Amino acid sequence: MEFYTNALAHVMAFGPLTAMIGATLLGVFIGALPGLNPVMAIALLLPLTYSMDPLVALAMVAGIYNGSMYGGAIPAILLRIPGTPASIATTFDGFPMAEKGEASKALKIACWSSAVGGIASAVALMTVGPLLARVTLFFGPAEYFWIAIFGMASVGVMVGSDPVKGIMAAVLGLLIGTMGIDNLSGQARFAFGQTWLLGGLDLIVVLVGLYALPPVLQLAEKCDLKGLSAAQLKLTDVPFEPGELRGLIPTWLRASAIGIGVGILPGAGGNIAAFLSYNAARNASDDPSSFGKGNPHGVAAAECGNNADNAASMIPALSLGIPGNVVAALVLSALTIHGLQPGPQLFHQNPVLVGGFMMEMLITSLLIFALGGAVATRIFAQFQRLPGVLLVPSILILMCVGVYVINGRPVDLWVMLAAGLAGYFLEKLNVPLAPIILGMILGPMAEQSVRRALLISRGDAIELLTRPISAALAIMTVLVIAWPIARAIRRRRRPARA
Amino acid sequence: MEKRQDIVLGLVFVSLGIAAAWMATDYSGASGTYPMVLALILTLLGGAVAVKAVRSGSRETRALIEAPSQMVTAAVIATIYVATVVPFGFYTASFLLMLAMPLALGLRQVVYALVVTAVFMTGVYLVFSVLLEKPLPREAVLSLLEAGG
C-alpha cells in the first residue's frame, strides 16, 4: 500500500497532473480523427519527452492511450467509421442508435463504459503486476532468454493473419536489433562503415516511420477534400430511462473481465477484447436479435472491453519486460529513453515510477468521466469537418520534428522515411509491424541473456532447458509456434478428405 | 496477384537473410553466431513464404496500392520535404509542404489551406520553439538576411 501512496504523492504534483489532463483531451481528439491512432500519437510524442521528468512523460502516454480508446467511439457512433481499430465493434450498435436519434445517449454510454473498463484494468495492473514481478526474482539469464523468445513468438503468431509472416517479422526485428556495436565483445555489426550506425538504428526513429507514415499515405490515398458537414455532427440530448444505467452493470463486469484477460495475453489487442465482449453480451442477452439494431449493451460491452485491455497489457511489460502490444512496447521505449531498464528490477529500483505509472493509468481512466462527456465530444467532433488532405502534411511535419529532435541528425529523417515506406508495403503484404518493433526491443535482451547463460554453463546449450522454469517456457514457446501451424495443416487436410 | 506478391516478398527476405548471414561470417566468435543464426532463420522463413505462395492455387487479387497517383504524389512530396528541411530551414520547408501537399492532392480552396497552414504553423512554432525550445533546422532565409546585412 505504501508503494502506491508514495507514488500518488508524486503523481498528484503539478507536472504529471496537467500532463494527464492535457494528454487525455489530446487522446480523445486523436481517437476522434479517423486515420490517427494512439500508437502513432504516442510514437510522435515520445521523442519530445526526452528532456521531461519520466513521470510526466508516462502521464502523457497514459492519457493518450486511455483517451484515444474512448475517442475512437465518436466517429464509430456518429459516422460508422471506427476512429481506432478497437472501436470497430462499437459501430455495430452505436451507429444504429445514432440513426434513431440517440447519438448523445450512445456517446455517454461509450464514455462511461470506457471509464469503467479503464478503471477495472488499472486495478488489475496494480494488483497482479507487483505479484508477477516477485515471481520473476527467481529468473536467471536462461529464463529471460526464453521469456523474450516466448513474447516475440506469441506476438508474431497472434497479431497477423499468417503466423509464418509474423515470425518472419519478429526475426527481422531481432536482426535489426543486432546492428551497431556488440556490448559484450565491442565488435561493430552491420554498420556498413557508417559512424552513425555504430549505436544501431534508433528505435524511436524506426517506430515513428513504421507506425506514422503508412497511415499518412493511406490518408493521402483516400483523398478526402471536403470533411464532414455540420448536419452530420448534430447531437440531440435523449434522457436515460429509469434503471437503464444500472442494467449495464453486468455487461460492464463481464466486459472488464474479458478485456483484462485479453490484455494480459501477448499479441491480442483492444479490438479482440471488444469483439469478445460484444459477443459475450449478445450471448447473455434475453433478446440477442436486438444487437446490431441499436442495443445500448452492445456499445457498453465493446467500449468497456477495449478500454479494459489497456492497463492489463502493461502487466507483462512492467513485470517481465515483455510488451504484450505495441503501446506497451512504446511504454518500454519511454522507460529506456529515461535510462530505466524494464523488467522486475524496475519495481525494486524505481518503485515511484512504476507505481506512479499504474496510478496514472487509473487517474486518466477516471478523467474520461470528467473530460469525455457530450460537451467534449461535440467539440472534438467538429475537427472532423477538416478535409483529410490537410492532415497529411500536418502529421508529416510532426513526424519530422519528433525524429529530428532526438539526435539533431538529418540522416534520421531518411531512416524514418525508408522505414515508413517499408512499413506501408509490408502492411499491404500482410506482414505485421508490431513483431518488428518487439524484436528490436527484445533482441538485445535475448542475445545478452543467451550469451550469459552459455557463459555460465561453459557453452553447454542443454543448460538452457534444464531448469524447470526455462524448460516450461521453452515448451510454451514451441506450443505457441506449433499450434497455428498444426491447425493450418489440419484445415488443409479436412477438405482434401471431404 | 497476391501469389506473385508473396513470392517476391519471400525472395526479398531470402536475399536479406543470405546477405546478413554472409556479413556475419566476418564477425568473430559469439558476436557473429547470433546474427548468423537469425539470418539463416530469416532465409528459411522467407523461403517458406515463397514456397507456400508457389504451391497455393489462390487467384485472389490484392491491390498493393489502392490509389497509385495519390500515394506516389504524397510519397514524392514527403521525400522532397525531407530533402529540403535542412537546407531551407524547418519552418520554410514545412510552410511549403502544408500548402503544396493538399493542393497536389486536389484541394482547390487555396485561401482555406492558407488559413489552416498559418494557424497550424503558429501552433507548431509556439509549442516546439517557444514552449519546448527544441532546436530545429535553421531558416536559410534568416542566414541570407544576416549575410546581406
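Thr90 of chain A is buried, having 35 other C-beta atoms within 10 Å; buried here means 20 or more other C-beta atoms within 10 Å of the residue's own, exposed means 12 or fewer, partly exposed is in between, and the C-beta atoms are placed from the backbone.

Before I go on, the ground rules. This is a predicted model, where local features need pLDDT of at least 70 and side-chain atom pairs count only at pLDDT 80 or more, while totals for chains, interfaces and linings use all residues. Residues are numbered from 1 along each chain as its sequence is written, and chains are lettered from A and ligands numbered from 1 in the order in which they are written.

Back to Thr90(A). It lies in helix H6 of chain A; helices (H or I, at least four residues) and strands (E, at least two) are DSSP runs numbered from the N terminus. Leaving aside neighbours within four places in sequence, Thr90(A) is in contact with Ala73(A), Ala76(A), Ile77(A), Pro82(A), Ala110(A), Val299(A), Ala302(A) and Glu303(A). Contact means that the C-beta atoms of two residues, placed from the backbone, lie within 7 Å. Thr90(A) and Gly298(A) are 208 residues apart in sequence, but their C-alpha atoms are 7.1 Å apart in space.

Next, the packing of that helix. The axes of H6(A), residues 88-99, and H12(A), residues 270-284, come within 7 Å and cross at roughly 40°. Axes are lines fitted to C-alpha atoms, for helices over the stretch in contact, with angles from 0 to 180 degrees between N-to-C directions. The two helices, H6(A) and H12(A), are therefore oblique to each other, given that under 35 degrees counts as roughly parallel, over 145 as roughly antiparallel, 65 to 115 as roughly perpendicular and the rest as oblique. H6(A) contributes Ile88(A), Ala89(A) and Phe92(A) to the contact, and H12(A) contributes Asn271(A), Ala274(A), Phe275(A) and Tyr278(A). By class that is 6 nonpolar, 1 polar and no charged residues. Nonpolar covers Ala, Val, Leu, Ile, Met, Phe, Trp, Tyr, Cys and Pro, charged covers Asp, Glu, Lys and Arg, and the others, Gly among them, are polar.

Now the two chains together. In the interface, 50 residues of chain B are in contact with 43 residues of chain A. On the chain B side, H2(B) gives the largest share, 12 residues. That side has 39 nonpolar, 9 polar and 2 charged residues.

The largest nonpolar core has 213 residues, and among those with the most contacts inside it are Ile77(A) and Met168(A). A nonpolar core is a set of buried Ala, Val, Leu, Ile, Met, Phe, Trp, Tyr and Cys residues joined through C-beta atoms within 7 Å. H7(A), residues 103-135, supplies the largest share of this core, 15 residues. Not counting residues up to four places away in sequence, Met168(A) touches Val431(A), Phe13(B), Leu42(B), Leu45(B), Gly46(B) and Val49(B).

Chain B is assigned domain 1 (2-55) and domain 2 (68-148); the bounds come from an automatic or database domain assignment. Their centres, taken over C-alpha atoms, are 40 Å apart.

Last, two residues in the loop between S2 and H10 of chain A. Phe190(A) is in that loop and has a positive phi of about 50° without being a glycine. Phe192(A) is in that loop too, with a positive phi near 50°. Is each buried or exposed? Phe190(A) counts as buried, with 20 C-beta neighbours inside 10 Å, whereas Phe192(A) is exposed, with 8 other C-beta atoms within 10 Å.
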